[in-house]
Amino acid sequence: MSTSFGFLTAARQALAWRSRSGAPGPTALLAALCWALSISPVLAAETLSGAGSSAAALLYRAWGQAYGQQHQVTLNYEASGSSAGLKKIRAGEVAFGASDVAPSEAELQRDQLVLVPTFVSGAVPVVNLPRVPRGRLRLSGELLADIYLGRLTRWNAPELQALNPDLTLPDLPIRPIARSDGSGTTYYVTDYLSRVSPAWQSQYGRQTQIAWVDSVGRAKGSQGVVQAVQDTVGTIGYVDFNYVGEHGLNPAQLRNAAGVFVAPSMAGFRAALRASDWVSKGDFHAPLTQRPGAASWPIAMGSFVLLPRVSAQPEATERALRFLMWTLLKGDTVVEGLSLVRLPDSLQAQAFKALSTVSDRQGRALGAIAFSSMTR
């Protein structure tokens with residue numbers, strides 16, 4: 001419903017109220033029109049519900065705001081973590097779920113879900129260290145694993161100082177912070193650590209949720225990690241790259257598969273994407289971590305939304321489809337404005353194809369209906 005139509009409807013209701021109440025004169029009319037103005041946004045707005053990835057929350061909310069201004073739709077997005085997003089879409093509690101981890105093909109078939117990629121970013125170690133210039137600290141995957149295994153406990157340890165000969169590292173205890181909730185960011189970090197550290201692979205492997213050792217502090221959600229790192233000197237945590245600039249955090253460099261120390265950047269995420277089977281084979285289950293190439297950031301990560309293949313709530317699903325199609329057609333500037341990487345055109349075409357497969361229980365092609373309504 002357009003804003004102008006919503007206002008006119010509300011105004012007519014206000015004038016009808018005036019007639020029934022017998023309230024004469026301009027004061028009553030002014031009151032009625034003010035009442036109409038106050039309720040018309042409520043009448044005009046539809047709601048759309050989503051939940052999941054906290055790493056993606058900034059983007060989905062920015063998309064929701066831009067889309068809502070054009071289409072009078074309010075997005076209610078709950079940044080509850082990837083595991084919670086998957087749980088909610090499986091239970092039909094939201095119109096779309098968001099996850100930084102792609103469920104397997106077997107899981108998608110079992111749960112009758114459609115997987116749609118949305119953007120690419122990277123997980124980044126961030127530190128709170130006095131007198132260490134922003135972006136200058138170097139880490140290897142092996143040492144990062146040792147920190148989270150509780151084996152490396154002080155910032156001026158010889159192993160760390162050897163990687164940073166031009167820095168004077170402080171004589172402080174290392175206070176690692178990790179996600180307490182099921183997290184796609186944790187999944188990609190642990191995938192990376194599993195590829196570079198036999199000790200990590202043996203003890204933990206690749207998981208969305210870890211039973212951390214006692215020396216590791218826990219925080220819920222990306223925002224919780226940000227707050228914990230900002231609050232305590234000597235901390236190290238990991239967050240999605242867009243939180244680094246948003247909160248002025250100090251990111252570490254990492255040694256990549258080519259043996260080069262690289263800083264996190266959109267160029268590094270793009271390089272990892274180009275070197276992956278996402279681009280060469282259209283395989284969204286393929287890893288983006290530890291990809292070859294001197295420029296590749298080693299913990300690149302994808303993000304996805306999931307919808308029911310056959311919807312029991314067609315109106316809500318069609319609303320989600322219109323929103324997601326709009327993000328693919330017109331949302332690129334929002335993506336890049338948040339330091340995220342848009343999908344190449346070939347992958348956006350695959351995302352559209354996935355959205356087009358959604359139907360309702362009567363067999364109506366909701367994807368086609370949603371696209372048709374957008375182009376009218």
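**Figure 1. Contact between helices α3 and α14.** In this predicted model, Y60, W63, G64, A66, Y67, Q70 and H71 of α3 touch R322, F323, W326 and T327 of α14, where contact means heavy atoms within 4.5 Å. By class, the residues of this contact comprise six nonpolar, four polar and one charged; Ala, Val, Leu, Ile, Met, Phe, Trp, Tyr, Cys and Pro count as nonpolar, Asp, Glu, Lys and Arg as charged, and the others, Gly among them, as polar. Two packed helices are described by the angle between their axes and the distance between the axes. Helix α3 (residues 57-71) packs against α14 at an angle of about 105°, and the axes lie 11 Å apart. Axes are lines fitted to C-alpha atoms, for helices over the stretch in contact, with angles running from 0 to 180 degrees between N-to-C directions. The two helices, α3 and α14, are therefore roughly perpendicular to each other; this term covers angles of 65 to 115 degrees, while those under 35 count as roughly parallel, those over 145 as roughly antiparallel and the rest as oblique. Helices (H or I, at least four residues) and strands (E, at least two) are DSSP runs, numbered from the N terminus.

Residues are numbered from 1 along each chain as its sequence is written. Because the model is predicted, local features need pLDDT of at least 70, side-chain atom pairs count only at pLDDT 80 or more, and totals for chains, interfaces and linings use all residues, while side-chain values use heavy atoms, with hydrogens and water left out.

Figure 2. E318 belongs to helix α14, which spans residues 314-330. With a relative accessible area of 14%, E318 is buried; buried means under 20% relative accessible area, exposed over 50%, and partly exposed in between (1.4 Å probe, protein chains only). When neighbours within four places in sequence are left aside, the contacts of E318 are L366, I369 and A370.

Figure 3. The structure contains 17 salt bridges, each defined as a side-chain nitrogen of Lys or Arg within 4 Å of a carboxyl oxygen of Asp or Glu. One joins the side chains of E93 and K88, at 3.4 Å from N to O. E93 is exposed, its relative accessible area being 52%. Another joins the side chains of D111 and R90, at 2.8 Å from N to O. This pair links distant parts of the chain, since D111 is in helix α5 (residues 105-111) and R90 in helix α4 (residues 82-90), 21 residues apart. Both partners are partly exposed: D111 has a relative accessible area of 24%, and R90 has a relative accessibility of 37%.

Figure 4. D191 and R206 form a salt bridge in which the closest N and O atoms are 3.2 Å apart. D191 is located in helix α8 (residues 184-196) and R206 in the loop between α9 (198-203) and β7 (217-219), so the pair ties together parts 15 residues apart in sequence. D191 is buried at a relative accessible area of 4%, whereas R206 is partly exposed at 45%.

Figure 5. Strand β12 (residues 300-308) includes F304, which is buried with a relative accessible area of 0%. Nine of the nine residues of β12 are buried, so the strand is largely enclosed by the rest of the structure. In a regular strand the side chains alternate between the two faces of the sheet. Both faces of β12 are covered, with A300, G302, F304, L306 and P308 buried on one side and M301, S303, V305 and L307 buried on the other. Strand β3 (residues 96-99) runs antiparallel to β12 and is joined to it by three bridges; two strands pair if DSSP finds at least two bridges between them. Within this pairing, S99 is opposite F304. Strand β4 (residues 113-127) also runs antiparallel to β12, with nine bridges, and L115 is opposite L306. F304 and A56 are separated by 248 residues in sequence, with their C-alpha atoms 9.1 Å apart in space.

**Figure 6. Open sheet of three strands.** The strands follow the order β5-β10-β11, with mixed pairing. At the edges stand β5 (138-139) and β11 (261-262), each with a single partner strand, so one side of each has no neighbour in the sheet. Strand β10 (residues 253-255) pairs with β11 in the antiparallel sense over two bridges, and L254 is opposite V262 of β11.
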